[in-house]
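Open the model in your viewer and keep the selection tool ready. We will go from the whole chain to single residues, one stop at a time.

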Amino acid sequence: MFGKLFSAGLMAGAAGLFLCSATPAVAHGFAGARFFPATIATDDPFVADELALPTVAWFKDSGGVKTDTYSVDFAKRITPNFGLEFGGTYLRLHPPGGPDTDGFDNFHVGAKYQLDVDAMRETLFALGVDADLGGTGTRRIGADRFSTLTPTFFFGKGFGDLSDVMSPLRAFAVTGSVGVAIPTQARSGFEEHPNTLKVGFALEYSLPYLQSQVRNIGLGAPFDRMIPLVELSLDTPLDRGGGKTTGSVNPGLLWAGQYVQLSAEAIIPWNADSGKAVGFLAQLHFYIDDLLPATLSRPLFGG
């Protein structure tokens, strides 16, 4: 089922690439002339109507367990500045020397409020909270029985306001998030559940911005819609003997059309506690803002 879903998603993305390669995105993640794409290892600093279907990943954890994940995420604006998010992930675990196990991880819901958009300075700020719903996942794959709440601050900053002397650097942008994951249960038997600092950053170099706002260097399709980037995602336990920081560095590339975005990144473990090998992450992302501008993309209130 998931293989068929992934193949269908890739076919839809290829169709979007063919139809939209010459058309810039118009209604998603903007601060002035700066377009902030949807990153896949870290969350976005904006509120939008969007669908990620599918997001797939393959990696090996610190215990040597090979893991395949298939995720779906949907976000919907309730007002122009406030939105809700929903998501779920299906996992297939391949432990060394043992039988494969599969099932759903806990589902999550979230809310995000856009605090400010400064077009001149190409900045975005938002506040949000995510709830990992304990008991909604499959127990055999290790889904927690308790819930976890993660209040988070988000930001985005483009460097288009740099001087002309530094014009090639104006295509750079950075997004990030800082939050604390707070479990609703501090302990299960002898297992401690610490509060965890969650930090994410993405450094992007926008070739579309370079061509349209700095200097046209003559790139043609599909390169004129590409954004190379590096993401960093780190989790640091804060108490209860939680252990070391874990996470990954994710270099990759995305292509952003008017209606769809295709992204692919490597997953490089931050340290030995984070994983045993380089993994892979890919996503097909739909901009509902632009796909259905007169229907589903409208906020439910105040649009």
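Helices (H or I, at least four residues) and strands (E, at least two residues) are DSSP runs, numbered from the N terminus. This is a predicted model, in which local features need pLDDT of at least 70, side-chain atom pairs count only at pLDDT 80 or more, and totals for chains, interfaces and linings use all residues. Residues are numbered from 1 along each chain as its sequence is written, and side-chain values use heavy atoms, with hydrogens and water left out.

**Stop 1: the whole chain**

Show the cartoon. The chain has three helices and 17 strands. Its radius of gyration is 20 Å, close to the 19 Å that the globule rule gives for 303 residues, so the chain is as compact as a globular protein of that length. That radius is taken over C-alpha atoms, and the rule is 2.2 Å times the number of residues to the power 0.38.

Turn the view along the principal axes. The C-alpha trace spans about 60 × 40 × 35 Å.

Of the 303 residues, 45% count as buried. Buried means under 20% relative accessible area, exposed means over 50%, and partly exposed lies in between (1.4 Å probe, protein chains only).

A contact means heavy atoms within 4.5 Å.

**Stop 2**

Select residues 148-158. This is strand E9, and eight of its 11 residues are buried, so E9 is largely enclosed by the rest of the structure.

E8 and E9 pair in the antiparallel sense over 10 bridges. Two strands pair if DSSP finds at least two bridges between them. Pick out Asp 132: its bridge partner in E9 is Thr 148.

E9 and E10 are antiparallel and share nine bridges. Here Thr 152 stands opposite Gly 179 in E10.

Keep going to residues 196-205, strand E13. Antiparallel again, E10 and E13 are joined by 10 bridges. Thr 175 has Ala 202 in E13 as its bridge partner.

E13 and E14 pair over nine bridges, in the antiparallel sense.

**Stop 3**

Is E17 largely enclosed or open? Eight of its nine residues are buried, so E17 is largely enclosed by the rest of the structure.

Select residues 50-60, strand E3. Seven bridges pair E3 with E17 in the antiparallel sense. Find Thr 55, which stands opposite Gln 283 in E17.

Select residues 260-269, strand E16. E16 and E17 run antiparallel, joined by eight bridges. Ile 267 has Gly 279 in E17 as its bridge partner.

**Stop 2: Phe 280**

Which residues does Phe 280 contact, leaving aside neighbours within four places in sequence? They are Val 56, Ala 57, Trp 58, Ala 264, Glu 265 and Ile 267. Draw a line from Phe 280 to Glu 265: they are 15 residues apart in sequence and 6.0 Å apart in space, C-alpha to C-alpha.

**Stop 3: backbone details**

Go to Leu 53 and Pro 54. The peptide bond from Leu 53 to Pro 54 is cis, with omega near -5 degrees. Pro 54 is found in E3.

A cis peptide bond also joins Ala 221 and Pro 222, with omega about 0 degrees. Pro 222 sits in the loop between helix H2 (207-214) and E14.

Look at Glu 122 in the loop between strand E7 (108-118) and E8. Glu 122 is not a glycine, yet has a positive phi of about 50 degrees. Glu 122 is buried, with a relative accessible area of 5%.

Finish at Arg 240, in the loop between E14 and strand E15 (246-256). Phi of Arg 240 is near 55 degrees, a positive value in a residue other than glycine. Arg 240 is partly exposed, at a relative accessible area of 34%.
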